[in-house]
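Reader: I would like to go through the terms used for this model. Please set each value against its cut-off.

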Amino acid sequence: MNNIKMFLVRYAEIGTKGKNRYVFEDILCKRIRKRLEPLGHFEIRRDYGRIYVEAHSDYDYDMVMERLTKIFGIVGLCPVTVAEDFTYDSIRAAAIQHFEETFGPGTDNSYNGYNFSFKVHTRRINKNFPMNSMEIDMEIGHDLLEKFESKGLHVDVHKPDIMVEIELRGEKGYIYSKTIPGPGGLPVGTNGKAMSLLSGGIDSPVATYMISKRGVEMEAVYYNSPPYTSLRALEKVEKLGTIVSQYSGPIKLYVVNFTEIQLCIYDNCPHDQLTIIMKRIMFKIAQRLAERDDCQAIVTGESIGQVSSQTMQSLGVIDAAVDCPVYRPVIGMDKQEIVEYSQRIGTFETSIEPYEDCCTIFVDKHPVTKPKMASIEKSEKHLVGKVEELIDKAVETAEVKWLK
């Protein structure tokens, strides 16, 4: 596959954007260009509903695939063989070369030699080519069959194992037949920015990934509680954010020192309400950081009923602490579904490392599960004159790290 010099980028949802499609295409091209910049010289261009990535230097195929298949907006990548000129003989030679390099013995897609069915489908965008699409289908199909029939290749026009696509654009012929799946979604940067509450658990990295997949640029905040949490807990969060950033692009992480605030809550509020009050203050801090960077929403990994602070009543009381939208993309997923998602995006093994964050340290044995707003507000009155300065300090001294 190292002989491949071009890839066709397939997208899906972008194609529904009508007159605004070019905006999404341009942002996707910028994302591709940025991700491939360290790997060689690549030209990324748009051409009538197509995006092509063309290599103008040597490159590592596996590294390029690893990066391209993690860019939101891409649903598939097709390695393309390009005909040297705009003649039938050149297209025929390119089709034969494509078969040998894509499906021949020793390739990742080897069909035990060529023991599989195929069909040729031509799109003749350039109508100046002397043969029509059906004639090209028949002639190229005949030539491929003649070349590889002895190895088991045969035609099936109804349900072929392989569809050989030929596109005649401009003065070139493009041949492709394999699609490598991408993550789908929308290009990051097309739908604003959000602030994620990122912990070392399983849920919040998945939530961050899911919102980013909708084209949202992500920032994150982590609440650090030394000496109750270790440096390893922070390193774990940084590692999780770095994994997600391979899809989302660089993530700006705020590390907020939360110890003094937690101790203030612990000393002045009923212990069965600790988690609710603590999360309300976390949300307030997250909103202030979000407003600083023009983020339009807060994102969390909460799922209804998973723990005491995630009941319907608890979530309502927590949300009332802020006046910006709160997005919870895993809200209706059970734990196994979230685990499977985390395994798919590569965060699970890091999430289960045994380094606890601040939420798990200050948890009462019997926390309230159906908090009343009046009761919580009454308890928070004991923090007046004590916690405001600590919140200001936490925001002002938050450390910034870039995860990428």
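Reader: Which residues of helix 5 are buried?

Author: They are Asp-203, Ser-204, Pro-205, Val-206, Ala-207, Thr-208, Tyr-209, Met-210, Ile-211 and Ser-212. Buried means under 20% relative accessible area, exposed over 50%, partly exposed in between (1.4 Å probe, protein chains only). The model is predicted: local features need pLDDT of at least 70, side-chain atom pairs 80 or more, while totals for chains, interfaces and linings use all residues. Residues are numbered from 1 along each chain as its sequence is written, and side-chain values use heavy atoms, without hydrogens and water.

Reader: What makes helix 5 mostly covered?

Author: The count does: 10 of its 10 residues, 203–212, are buried. A helix here is a DSSP run of H or I, at least four residues, numbered from the N terminus.

Reader: How do you know that Cys-29 is in no disulfide?

Author: A disulfide needs two cysteine sulfur atoms within 2.5 Å. The nearest cysteine sulfur to that of Cys-29 belongs to Cys-78, 16 Å away. Cys-78 is in no disulfide either. The structure holds zero disulfides.

Reader: Why is Cys-29 called buried?

Author: Its relative accessibility is 5%, so Cys-29 counts as buried.

Reader: And why is Cys-78 called buried?

Author: Cys-78 has a relative accessible area of 0%, so the term applies.

Reader: By class, what makes up the lining of the second largest pocket?

Author: Six nonpolar, four polar and eight charged residues. Asp, Glu, Lys and Arg count as charged; Ala, Val, Leu, Ile, Met, Phe, Trp, Tyr, Cys and Pro as nonpolar; the others, Gly among them, as polar.

Technical notes. Helices (H or I, at least four residues) and strands (E, at least two) are DSSP runs, numbered from the N terminus.
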